Amino acid sequence: MNTNNLMHVNSPALTKLDTIYEYQRVFINDKIGTVDKNTFKTARHKTLKLQFENIEDLWSSLESEFQLYSISKYKAMIIEDDFIASLDWHYDSTHTGVMLSVSSSSIKECWSYIKKISSHLQEFIVTDKSINYSILQYENGTLSDTNYQETLDVDFNPLATPFIEDVDKYIESFLNSKAPVLILQGEAGTGKTTFVKYLLQAMQERVLKKRDELRVTYSFDESVFYSSDFYRQLIFDDYDVQVYEDINQVLHKNQEAEINPINKFLSITDGLVSKYKKIIITTNIESKHQLNSALLRPGRCFDVIEFRKLAGIEIDNLCDSCAQDLHLQTESINLSEFYAKRDGSQNSQLITTRVGF
């Protein structure tokens, strides 16, 4: 590996675009000269799990194709005309975890180079079923985009959603449908987020036939719909599914049409989504009759699932499936309360934790 003219530093993992620029300026300016930020204005990240006996074999697989430079014991960089990549790694007893960060001119280009670099490491990669979230938040006029990776193994109990006759068949119908939008409506704690994770897990099984991760654009921040940067990102991002949780105000039918961003969102996504790209929205609006009619247009909306509390025999069936007699003295209960009682806790994380957190 080339170590000429490069400083050895102890610095955090490369996760922000500004950090990429700092490396360019301080450590590798002699390699790439003055940098036009428009050439490297976008960054994407992916975590790889590697297993190998000799690290030199790993470097050889990359050096055969890329200009590879050593920064420190735990960091290397690839510097090419069209992209810059950082590889930050850590070791455990059996594997090496590598954060691969790529900066290039567009999101599409970043993923293309991540795929290219990963292909040269394929013989060393230990495959996990991972989901890559692009988490969006809008604050002080700025849209932030944070990468988060998660491995899902959802233990979903269909008795928790008795209002869906056959959950697996229902999900298969949605994924095969040309209608891209699915809305989960109901009060907090009724199982919407758990269902979303189970649905993402089902989508993941399909995507893994093509590549090793599901790509999700995700937000629980309703204000992103007012950001022009958000719509530009939707056009250029390479996602499989968009997930928006706890979206209420912009979905309400009483929101004035001229200031309601959901209409703009739907107009743009109508031209982008395909049979294989989906949009999942959760809301706490009390009734589907209060939803914006534009959302419910035939061919656009697959369905609105009304999540609700469990009652009577539904509670008994769920208790039986857990092999526990909880002695619930109640006519109805939501899932977060049920699991809190089952686990002897006041706050069950099984239901209330958002996707990606």
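## The largest nonpolar core

The largest nonpolar core of this predicted model has 29 residues. A nonpolar core is a set of buried Ala, Val, Leu, Ile, Met, Phe, Trp, Tyr and Cys residues joined through side-chain atoms within 4.5 Å. Buried means under 20% relative accessible area, exposed means over 50%, and partly exposed lies in between (1.4 Å probe, protein chains only). In soluble globular proteins, nonpolar side chains tend to be buried together.

Phe-195, Leu-199, Leu-200 and Val-216 have the most contacts inside this core. Two or more residues each come from strand 6 (130-139), helix 5 (167-176), strand 8 (181-185), helix 6 (192-207), strand 9 (213-219) and strand 10 (241-244). Helices (H or I, at least four residues) and strands (E, at least two) are DSSP runs, numbered from the N terminus. Helix 6 gives the largest share, seven residues.

Which residues does Phe-195 contact, leaving aside neighbours within four places in sequence? They are Phe-156, Ile-164, Val-167, Tyr-170, Ile-171, Leu-182, Leu-184, Ile-305 and Phe-307. Contact means heavy atoms within 4.5 Å.

Another core lies apart from the largest one. This other core has 25 residues, among them Leu-87, Trp-89, Phe-124 and Ile-125.

Ser-134 lies in strand 6. Its relative accessible area is 6%, so Ser-134 is buried.

Asp-88 lies in strand 4 (residues 84-91). Asp-88 counts as buried because its relative accessibility is 9%. Asp-88 and Met-99 are 11 residues apart in sequence, and their C-alpha atoms are 5.1 Å apart in space.

## Helix 7 and helix 8

The axes of helix 7 (residues 228-236) and helix 8 (residues 261-270) come within 10 Å and cross at roughly 15°. The two helices are therefore roughly parallel, a term for angles under 35 degrees.

Helix 7 makes the contact through Phe-230, Tyr-231, Leu-234 and Ile-235. Helix 8 uses Pro-261, Lys-264, Phe-265, Ile-268 and Thr-269.

## About the model

Residues are numbered from 1 along each chain as its sequence is written, and side-chain values use heavy atoms, without hydrogens or water. The model is predicted: local features need pLDDT of at least 70, side-chain atom pairs count only at pLDDT 80 or more, and totals for chains, interfaces and linings use all residues.

How values were computed: Axes are lines fitted to C-alpha atoms, for helices over the stretch in contact, and angles run from 0 to 180 degrees between N-to-C directions. Angles under 35 degrees count as roughly parallel, over 145 as roughly antiparallel, 65 to 115 as roughly perpendicular and the rest as oblique.
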